[in-house]
Amino acid sequence: MDPAILFRIANMIALAGWAALILGVLTGRAWLRVGVAGRAVPIILSVLYTALVAVAWPGAGGGYGTLGAVALLFEDPRMLLAGWAHYLAFDLLVGGSIADEVDRRGLTRWLLLPALPLTFLFGPVGLLVLLAGAALLRPAPRTA
């Protein structure tokens with residue numbers, strides 16, 4: 001299948017995962033947050049990644065040893081798409097982990113407002129926002 005078509009499909013699947021994560025957080029429905037965003041979507045993206053690497057890796061040039069080798073590896077659109085699927089899967093997992101961490105630490109959910117979109121767009125930046133927020137903010141008071 002054309003990597004450009006798979007790219008669009010992977011993006012739609014990832015967006016559905018992020019929507020499930022946000023809806024799960026807002027509604028308290030664990031099956032959306034954990035089942036869909038935390039398991040099903042990352043598994044689908046991981047299967048895509050694995051299939052792309054299995055097909056493209058043997059004929060691809062480059063490798064992981066140098067920046068030039070990585071650049072050469074990603075000249076193959078299938079390996080580039082595999083790398084993209086890797087980002088999509090792991091960023092969604094980190095987003096779910098951030099949401100879990102906010103609740104586990106009793107932090108205000110307002111922290112999710114910048115952290116989740118930044119994780120969606122820039123991955124590690126959202127994680128840094130969570131860590132900075134957790135260091136600076138006190139846990140939200142618990143209601144009985």
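Helices here are DSSP runs of H or I with at least four residues, strands are E runs of at least two, and both are numbered from the N terminus. This is a predicted model, where local features need pLDDT of at least 70, side-chain atom pairs count only at pLDDT 80 or more, and totals for chains, interfaces and linings use all residues. Residues are numbered from 1 along each chain as its sequence is written, and side-chain values use heavy atoms, with hydrogens and water left out.

**View 1. The protein has six helices and zero strands.** Going along the sequence, the pattern reads α-α-α-α-α-α. A box of roughly 60 × 30 × 20 Å along the principal axes holds the C-alpha atoms.

**View 2. Helix 4 and helix 6 come within 10 Å of each other, axis to axis.** Helix 4 covers residues 77-105, helix 6 covers residues 124-136, and their axes cross at roughly 10°; these axes are lines fitted to C-alpha atoms over the stretch in contact, with angles running from 0 to 180 degrees between N-to-C directions. The two helices are therefore roughly parallel (angles under 35 degrees).

**View 3. Zooming in on the contact between helix 4 and helix 6.** Helix 4 brings Val94, Ile98, Glu101, Val102 and Arg105, and helix 6 brings Gly126, Leu127, Leu130 and Ala134. Contact means heavy atoms within 4.5 Å.

**View 4. Of the protein's 144 residues, 36% are buried.** Buried stands for under 20% relative accessible area (1.4 Å probe, protein chains only). As for contacts between residues at least 6 apart in sequence, 59% join residues at least 24 apart.

Technical notes
Buried means under 20% relative accessible area, exposed over 50%, partly exposed in between (1.4 Å probe, protein chains only). Angles under 35 degrees count as roughly parallel, over 145 as roughly antiparallel, 65 to 115 as roughly perpendicular and the rest as oblique.
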